[in-house]
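Biologist: Can you walk me through this model? I'd like to start with the overall picture and then look at some local details.

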Amino acid sequence: MDLRNLISVEDLWYMNRVPKVIRVPGVISDYETSSEDDNNNNKKLLSKRIIIAANQLPIRATRDSDTNQWNFEYDMNGAVLQLRGTLGADVEVVYVGCLKVEIDEDEQDDVSTLLMDKFRCVPVFLPADIGEKFYHGFCKHYLWPLFHYMMPMTWTQGPRFDRDQWTAYTISNKLFADRVTEIFDPENDYVWINDYHLMLLPTFLRKRFYRVKLGFFLHSPFPSSEIYRTLPVREEILQGLLNCDLIGFHTFDYARHFLSCCSRMMGIDYQSKRGYIGLDYHGRTITVKILPVGVHMGHLQWLLSHDETAQKAKELKEEFRGKTVLLGVDDMDMFKGISFKIKAMKQLLEEQEVLKGKAVLVQIINPARSKGKDIQDVENEIDSLARETNELYGEPGYQPIVLINGPVSPQEKTAYYAISDCCVVSPVRDGMNLVPYKYTVCRQGSAVLDKVLGIDKDAPPKKSMIVVSEFIGCSPSLSGAIRINPWNIDDLCSGMYHGIKTNEAEKVLRHEKHYKYISTHDVSFWARSFNQDLVRSCKLHDDMRFWSMGMGLRFRVVALSKSFMRLSVDHVVLSYNGRNNRLILLDYDGTMIPENCVDKSPSSKVISVLNSLCSDPKNIVFIVSGRGRDNLSKWFSQCENLGISAEHGYYTRWNKDSSWETCTLTKDFDWKRMVLPVMEHYTEETDGSFIEQKESALVWDHEHADLQFSSFQAKELLHHLESVLANEPVVVKRGRGIVEVKPQGVSKGTAVENIISTMRSQGKEPDFVLCIGDDYSDEDMFETIAAKVPNQSKVFACRVGMKPSKAKYFLDDTDEVMKLLQGLANPESLHQNPEKVGLLFGTMLFWDLFTVRRIKIPSFALQVHFSFLDGSCYSVPAISFTIQSGGLEIRKAVLMNQAPLAKQYWWFITAPSLLITEVMKVKYFPNTELMERSNHKWLLDLEKYSVRLVFAFYTSQMKCGISNSELAVSIVEASLDYNVADLICSLPIYWHGGND
């Protein structure tokens with residue numbers, strides 16, 4: 001069989017959808033297509049589409065007993081279904097989720113095709129054991145109680161964290177990601193993920209598509225940080241949410257708890273700008289939105305106009321004639337407070353004898369969404385309390401408690417809403433709860449309902465009363481409701497009594513107030529508002545370059561400006577050579593030594609490198625630090641020719657034998673006498689903080705204090721000092737973990753400007769400038785050299801850490817800084833064999849999973865980048881896929897036409913997985929560090945998950961005018977296991993040339 005026949009030419013237009021993303025050092029040009037035909041094909045995708053991912057599809061499935069065929073229809077009560085049609089006629093909505101029934105494996109393909117074609121739904125088929133542990137295990141019996149503030153202190157209070165259930169949760173989210181990937185167009189599609197079942201899905205999608213436009217809405221409460229931090233997998237889940245562009249919550253309380261977790265666990269502070277709450281996370285701004293969901297007005301009005309609803313309402317009106325009806329509609333759930341409601345009703349009848357025979361509590365109980373002993377216990381308690389109350393206060397023709405066990409049809413529920421005098425909602429904790437909203441709309445009625453109930457146009461205005469728990473999401477929106485604490489039976493009983501006895505005029509006013517809000521803040525408003533903010537949050541994606549960080553569920557991306565790139569050692573060395581007036585400016589903490597070092601003194605390695613650089617008469621080397629001059633002088637006493645600029649440039653000396661100079665004329669530090677007592681007060685009040693006294697400045701350091709409280713104190717101290725020092729020649733600045741007071745005009749930027757001016761006065765115009773720093777104070781240096789150094793000079797402003805900066809380059813950490821400085825001090829150490837300078841960094845990007853013609857083969861469109869030390873770069877599109885042959889897996893790849901690689905080549909690898917594993921181990925991880933990282937967990941994962949074969953492009957088969965010693969290409973793999981995929985995709989594979 002000719003394997004090339006498996007690919008259709010029409011499938012190759014996927015290549016135009018390769019994103020502008022790189023994972024390798026150097027500059028790689030954006031991949032663009034010049035084909036007019038391909039551009040025309042892309043126009044088909046310009047219409048906007050939203051993929052809505054939720055645990056369950058809004059589909060009701062039944063099997064025909066005669067034909068044994070599946071029948072499907074929309075579930076009109078499905079929450080996510082109500083989004084259809086609310087986002088605009090030009091927006092296509094596709095749903096991804098599970099069905100409520102199990103589909104046999106041999107039927108799954110046909111069912112998928114039918115649901116996609118007819119309902120625009122993509123089903124996710126979870127294996128039975130995985131689905132059980134995922135939904136009824138981790139979701140409903142662990143996450144759900146925890147997010148509702150219930151912690152299993154003992155085994156009798158509920159199940160504790162189970163690693164197998166967590167694995168099932170992870171696998172399920174991975175399978176959701178696979179299904180989304182099949183239909184996802186990263187250039188045009190938006191993904192909207194719903195609820196706590198899929199909190200890892202953002203990580204899996206972000207890992208595959210760096211520019212994916214991701215929104216997440218949590219429909220349950222988000223617990224306080226004290227509760228959330230008990231999760232053994234708290235970082236993984238929080239990281240999943242932070243891989244979104246927009247995160248939505250029902251109330252500010254839920255959002256506040258999430259922001260507190262981000263602050264305490266991740267050190268991320270939020271800012272509010274023009275009404276939007278934003279988290280600045282690795283160059284990405286994650287928007288946090290508070291947006292209570294609403295009801296579907298159109299659906300409710302349709303139900304109110306339904307003949308069945310009107311007829312049922314008429315029957316109920318007659319049944320409860322002369323009685324006051326209090327209505328409760330809740331799921332069978334331990335958090336709904338149904339038992340509290342019945343206890344309060346019992347107490348109400350006991351205290352208010354006049355209500356006996358007149359007040360009725362109708363409690364509709366929807367079926368439980370999970371199963372277990374806790375649900376059975378709640379059900380038994382409710383039945384017992386209702387029976388006891390009815391025995392005490394019931395009489396012939398009257399029962400004070402009417403329990404209706406569901407399911408109850410929407411028409412019947414609507415009828416109960418319409419005839420009830422008061423709605424009682426008493427959960428001890430709930431996400432939103434739309435029962436009061438539905439009740440209010442139904443009390444407004446409709447023409448059909450009014451006609452059947454005999455209500456004419458001259459009838460009094462509509463009225464309603466709501467008794468609502470203060471612990472649910474809808475409570476803040478219902479300003480006219482009677483808010484109660486459901487844990488306090490007296491309070492709940494009092495609320496129910498006032499709900500009955502409030503005068504008619506006030507009931508009308510409260511109803512009108514609620515109905516006005518609910519009718520204007522419906523589900524359409526909610527969906528449009530969320531969608532608009534999602535579009536706004538993603539509008540800068542195309543202007544940024546993304547880099548991956550972390551492995552596994554700790555994966556995240558860093559968004560940087562396209563002009564912000566990794567600093568290449570070889571590039572700096574080439575520019576360094578041949579220059580006569582070189583200026584090297586280095587920060588100290590976080591640049592020369594790691595921030596977390598306890599011993600802040602420089603190592604012998606640092607001293608040696610600095611002395612090597614200073615020994616070159618063409619170099620002027622400076623340490624520019626915020627530290628005091630005494631410490632810096634002591635630490636660098638062995639560096640005779642090293643310049644030091646201390647205390648952010650207030651003191652400067654050019655070498656060990658020169659005297660210290662100050663950058664300002666003022667030596668008046670009387671302001672310290674005002675500042676010190678204020679700082680001492682805040683130090684006493686903030687455990688873990690301390691004061692650092694410098695000659696020119698005072699610093700309040702709170703880095704090791706409680707993060708949230710110390711941040712609050714730092715903000716207060718900043719405002720306090722600004723008011724106290726308003727007329728003093730000083731500035732008050734807040735930095736990372738500090739509040740500093742220093743004289744005006746003192747900054748690292750000013751110090752660098754003075755150094756450059758002194759060099760020019762000596763006839764030494766800097767023709768090479770290397771400036772490296774890691775802190776916000778170093779931004780002043782970057783800004784100064786950009787403005788003061790002439791364009792013809794070679795300038796390398798470099799930030800340590802991939803963070804947004806005024807610098808144009810970055811290095812990852814202090815180790816890379818030292819390698820760079822060692823390369824400048826001894827260029828020969830860069831390469832073991834100077835003749836083999838063709839060191840190349842290659843990368844590969846997985847792309848869309850699609851079907852090649854009609855043969856179902858897992859396929860990946862990908863792009864291979866070639867980058868060379870001479871600066872030339874090539875991007876080559878390709879397609880790879882796997883087929884089964886004789887029990888072996890065959891990996892196949894195609895390089896598409898692209899100059900200078902102008903031909904198509906085919907490679908085949910056929911071997912058992914174990915053999916390929918050994919090839920990978922020996923041949924493609926020659927680097928010692930990578931071997932150590934791969935030898936442990938990676939190989940175990942290969943055996944555990946039966947990973948698909950890994951293949952590589954062989955440089956010896958590249959007949960494109962590039963010698964083998966100049967070219968090497970990265971490893972590509974198509975594993976479905978996320979652990980292995982993480983390791984392969986996140987590590988740059990590199991080696992020197994040769995015939996390998």
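Biologist: How many helices and strands does the protein have?
Modeller: The protein has 30 helices and 39 strands. Those are DSSP runs numbered from the N terminus: helices are H or I with at least four residues, strands are E with at least two.

Biologist: What are the ground rules here?
Modeller: This is a predicted model, so local features need pLDDT of at least 70 and side-chain atom pairs count only at pLDDT 80 or more, while totals for chains, interfaces and linings use all residues. Residues are numbered from 1 along each chain as its sequence is written, and side-chain values use heavy atoms, with hydrogens and water left out.

Biologist: What pLDDT does the protein average?
Modeller: The average is 78, and 78% of the residues score at least 70. pLDDT is the predictor's confidence in each residue, from 0 to 100.

Biologist: Where does pLDDT stay under 50?
Modeller: Residues 1-47 are one such stretch, with 103 contacts beyond four places in sequence. Residues 831-996 are also below 50, and that stretch has 363 contacts beyond near neighbours in sequence. A contact means heavy atoms within 4.5 Å.

Biologist: Switching to burial. What share of the residues is buried?
Modeller: Buried residues make up 56% of the 996. Buried means under 20% relative accessible area, exposed over 50%, and partly exposed in between (1.4 Å probe, protein chains only).

Biologist: Which residues form a nonpolar patch on the surface?
Modeller: Phe252, Tyr270 and Ile290 do, with about 270 Å² of accessible area together. Areas come from the Shrake-Rupley method with a 1.4 Å probe; for residues, only the protein chains shown count as cover. Patch members have over 30% relative accessible area and no salt bridge; nonpolar side chains (Val, Leu, Ile, Met, Phe, Trp, Tyr) are joined within 5 Å, like charges within 9 Å. A salt bridge is a side-chain nitrogen of Lys or Arg within 4 Å of a carboxyl oxygen of Asp or Glu.

Biologist: Why does isoleucine 290 count as partly exposed?
Modeller: Because its relative accessibility is 32%. Isoleucine 290 is in strand S11, residues 284-290.

Biologist: And histidine 282, where is that?
Modeller: In the loop between strand S10 (276-281) and S11. Histidine 282 has a positive phi of about 55°, although it is not a glycine.

Biologist: Which residues does a cis peptide bond join?
Modeller: Glycine 406 and proline 407, with omega about 10°. Proline 407 sits in the loop between strand S14 (401-405) and helix H13 (410-419).
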